[in-house]
Amino acid sequence: MLDQNIVRDATRLTRAGQLVEATALLQRMLRGESAAEPSGGTARAKPAKIEPLTIDLKANVLEEKEGRQSTHASSVQWRNRPAPFDAMRKLSGLGLRAPPATTDIAPEGTRFIAGTFSNAAGSRTYKLFIPSRSQGEPLPLVVMLHGCTQSPDDFAAGTRMNFLAEERNCFVVYPEQPSGANQSKCWNWFRTGDQQRNGGEPSLIAGITRQIMQDYPIDPNRVYVAGLSAGGAAAAIMGATHTDLYAAVGIHSGLACGAASDLPSAFVAMRQGGGKARNGGPSVPIIVFHGDRDTTVNPNNADRIVEQAATGMRSKAIDGRVPDGHGYTRTILTHADGRVVSEHWNVHGAGHAWAGGSPAGSYTDPRGPDATREMLRFFLDHSLGS
């Protein structure tokens, strides 16, 4: 149960730089325990520099037909904090993974090149996939925002978006969040300065998008953005703030724009689901994937995203199952004229992982459904002004 008095106390502690105390207070609240007030004679810790939120991951093994293993997220922690957070940090096994092979990142005969974009908000590198059949005609562009601790190569290998983009003749760009902006390379979706159109990380992501549109033959009416976890939350922000740039948005295991405005509210949103989005949410078509066993980002967040587009829409639910894989419920919202507004794929039994992804990348669940194929299908059914 959310105790507003405790949330206010946690916010006060955060502003004072006491992040460990604030986090412990929120954890006790979420466990249903009472929060003891610190005694008046207790010396306060020296204010610490406020670090961006970090989502850390521990491995959960998913049994599969051929004995392969996939990992998904199941814990949240703060980096560079005293015990017990140091012990939680050791649960992460990402550092043991080898980089993906080139053949797992992009098909032969295609190009996957590096670039850099800079503006007043800073600088970001990116990787761009160029399909082999690009002959100068305007083609669609998909912007892919990776999750915490991931890289463009890792995200490309796990989602296999480049292979699907080669089939459908699309460009794909992967902006990279550096550790200097967030120690675990998470997009800072919970900071109000990074939820605005003309500043912070949204201006960098939009700037990369526009740079690719300027330098390559891109159809301006068929530009899309998608992401996983923190990247999914960042994609929601881009959809809410750049309705003139993106024709559709894909969010996997993410949160709505405005679901949090600081560290305490981010922690609560991830654990329990964010409240009503402050910025109103995307007004462009949106496709959402979320596992109903996700213990890192509460599945309620997917409901919040879809609810923003549900008013006055017709709803249709379709149940299905991947052979030897997960069951799912696909809920489609349409206008009265039949135009699809959103799709919500609730993946039964799945955790915090990209559905249908490849084990060559991190935080994927090959038991499906194929989120990459379904997102790209949804994207190409929509264009600006249609």
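Biologist: Is Asp194 buried or exposed?
Modeller: In this predicted model, Asp194 counts as buried, because its relative accessibility is 8% and the cut-off for buried is under 20%.

Biologist: Where is Asp194 in the fold?
Modeller: Asp194 sits in the loop between β4 (171–175) and α7 (200–215).

Biologist: And what is Asp194 in contact with, leaving aside neighbours within four places in sequence?
Modeller: Asn188, Gly200, Glu201, Pro202 and Ile237.

Biologist: On to cysteines. How many disulfides does the count come to?
Modeller: One disulfide. Cys148 is joined to Cys186, with an S to S distance of 2.1 Å.

Biologist: Which parts does the pair tie together?
Modeller: Cys148 is in the loop between β3 and α5 (152–159), while Cys186 is in the loop between β4 and α7, so the link ties together parts that are 38 residues apart in sequence.

Biologist: What is the hand of the link between Cys148 and Cys186?
Modeller: Right-handed, with 125° about the S-S bond.

Biologist: Are Cys148 and Cys186 buried or exposed?
Modeller: Cys148 and Cys186 are both buried. Cys170 also counts as buried, because its relative accessibility is 0%. Cys257 is buried, with a relative accessible area of 0%.

Biologist: Change of topic. What is the strand order in the open sheet?
Modeller: The ten strands run β1-β2-β4-β3-β5-β6-β7-β10-β9-β8, and the pairing is mixed. The edges are β1 and β8 (314–321); each has a single partner strand, so one side of each has no neighbour in the sheet. On average, neighbouring strands are turned by 20° against each other, direction ignored.

Biologist: Helices next. Which strands does α6 lie across?
Modeller: Helix α6 (residues 161–168) lies across β1, β2, β3 (139–145) and β4, and runs at about 155° to β4.

Biologist: What about α10, which strands of the sheet is it touching?
Modeller: α10 touches β6, β7, β9 and β10 as it packs on the sheet, and its direction makes about 165° with that of β7.

Biologist: Which residues of α10 are buried?
Modeller: In helix α10 (residues 300–307), they are Asn301, Ala302, Ile305 and Val306. Seen down the axis of α10, these buried residues fall within an arc of 135°, so they line one face of the helix.

Biologist: Why would residues three or four places apart point the same way?
Modeller: Because an α-helix has 3.6 residues a turn.

Biologist: What do the buried residues of α10 pack against?
Modeller: They pack against β6 (248–252), α9 (263–272), β7 (286–291), β9 (327–334) and β10 (340–347).

Biologist: Last, the chain as a whole. How many helices and strands?
Modeller: Eleven helices and twelve strands. The chain has 386 residues, and 54% of them count as buried.

Biologist: What share of the contacts with a separation of 6 or more comes from residues 24 or more positions apart?
Modeller: 67% of those contacts in the chain.

Methods: Residues are numbered from 1 along each chain as its sequence is written. This is a predicted model: local features need pLDDT of at least 70, side-chain atom pairs count only at pLDDT 80 or more; totals for chains, interfaces and linings use all residues. Side-chain values use heavy atoms; hydrogens and water are left out. Buried means under 20% relative accessible area, exposed over 50%, partly exposed in between (1.4 Å probe, protein chains only). Helices (H or I, at least four residues) and strands (E, at least two) are DSSP runs, numbered from the N terminus. The arc is that of the directions from the helix axis to the C-beta atoms. Contact means heavy atoms within 4.5 Å. Two strands pair if DSSP finds at least two bridges between them. Axes are lines fitted to C-alpha atoms, for helices over the stretch in contact, and angles run from 0 to 180 degrees between N-to-C directions. A disulfide is a pair of cysteine sulfur atoms within 2.5 Å.
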